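Here is a short report on one structure. Look through the sequence and the model first, then read on.

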Amino acid sequence: ILAGKYKPGDRLNESQIARELNISRIPVREALSQLQEQGLVVNRERRGMFVMSLSAEDVQQISSLRIILETEAITLARDRMTPETLARLEKLVKQMEAWDGTLLDAAALDLEFHRVIWHAAGNPYLERALNALMVPMFAHQTLEHVSREIRRWRLNHHRALLDVVARVSAEDPQEAFLTHLRMAYTEPERYSTLAKSADQT
């Protein structure tokens, strides 16, 4: 999937994959189940497993919710920040700035950084909502075939977000997060009231 042999939207035939790899269907089924947990594949009822695929509109609609939820998480996390959480975020940012591994590694670091903030917010319902919403988005980003330079540029932008969470920067959390989303997505605010506000100004 990550190499592009199976593209977003492709059906994954369990029997065919087992034949190609010369193994039984059981480990293939287990692997597909793990990939589903990671958000890389989706099980469509009575149709089987497919490589996860989001349209540009799906991404914009999910992003509009993410702006609201993650801005709240960042604001709450700032108020509840501990030296331990800050050290963990700093370590993740340094790992992202030094990244030279696989696309999956890059996505894992990115997701972990955001999950630390979600957890630091101290609202388990908000954390669960963000996890449910964001696994498909991070998987989608993993499957995007962009250059390593663009991937590295996106990872390096987490330093600016960390500065906001750590109160090193006085930038408004919503503005900072919207800038962060624009590093990876076109018009992430299109389905939110932020787009209407921009139109009126």
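Which are the buried residues of α9? They are P173, A176, F177, L178, H180 and L181. Buried means under 20% relative accessible area, exposed means over 50%, and partly exposed lies in between, using a 1.4 Å probe and protein chains only.

## Basis of the model

This is a predicted model, in which local features need pLDDT of at least 70, side-chain atom pairs count only at pLDDT 80 or more, and totals for chains, interfaces and linings use all residues. Residues are numbered from 1 along each chain as its sequence is written, and side-chain values use heavy atoms, with hydrogens and water left out.

Helices (H or I, at least four residues) and strands (E, at least two) are DSSP runs, numbered from the N terminus.

Start with the beginning of α9. There, a side-chain oxygen of D172 comes to within 3.1 Å of the backbone nitrogen of Q174.

H180 sits in helix α9, which covers residues 173-182. Its relative accessible area is 8%, so H180 is buried. The side chains of H180 and H157 make a polar contact at 3.1 Å. A polar contact is a pair of N or O atoms within 3.5 Å; within protein, one must be able to donate a hydrogen and the other to accept it, and residues adjacent in sequence count only if both atoms are side-chain atoms. Setting aside neighbours within four places in sequence, H180 is in contact (heavy atoms within 4.5 Å) with H114, H157, H158 and L161.

Two packed helices are described by the angle between their axes and the distance between the axes. Axes are lines fitted to C-alpha atoms, for helices over the stretch in contact, and angles run from 0 to 180 degrees between N-to-C directions.

Take helix α4 (residues 83-97) and helix α8 (residues 158-165). Their axes come within 10 Å and cross at roughly 170°. That angle makes α4 roughly antiparallel to α8. Angles under 35 degrees count as roughly parallel, over 145 as roughly antiparallel, 65 to 115 as roughly perpendicular and the rest as oblique. The crossing of α4 and α8 is left-handed. A crossing is left-handed if the near helix is turned anticlockwise from the far one by less than a right angle, and right-handed if clockwise.

Which residues meet here? From α4 come L86, L89, E90, V93, K94, M96 and E97; from α8 come H158, R159, L162 and V165. By class, the contact of α4 with α8 has 6 nonpolar, 1 polar and 4 charged residues. Ala, Val, Leu, Ile, Met, Phe, Trp, Tyr, Cys and Pro count as nonpolar, Asp, Glu, Lys and Arg as charged, and the others, Gly among them, as polar.

## Helix α8 against α5

Helix α5 spans residues 103-120, and its axis comes within 12 Å of the axis of α8. The two axes cross at roughly 10°. The helices α5 and α8 are therefore roughly parallel to each other. D110, F113, H114 and I117 of α5 make the contact with H158, L161, L162 and V165 of α8. The residues of this contact divide into 5 nonpolar, 2 polar and 1 charged.

## Helix α2

Helix α2 covers residues 25-38 and contains Q36. Q36 has 34% relative accessibility, so Q36 counts as partly exposed. Leaving out neighbours within four places in sequence, Q36 is in contact with V41, N43 and M49. Q36 and M52 are 16 residues apart along the chain, and their C-alpha atoms are separated by 8.7 Å.

P27 is also found in helix α2. With a relative accessible area of 35%, P27 is partly exposed.

## Loops and the start of the chain

R46 lies in the loop between β2 (41-44) and β3 (48-51). Its phi is near 65°, a positive value in a residue other than glycine. At 80% relative accessibility, R46 is exposed. R167 is in the loop between α8 and α9. R167 is not a glycine, yet has a positive phi of about 65°. Its relative accessible area is 47%, so R167 is partly exposed.

K7 belongs to the segment before β1 (11-12). K7 is partly exposed, at 48% relative accessible area. K7 and S53 are 46 residues apart in sequence, and 8.5 Å apart in space from C-alpha to C-alpha.
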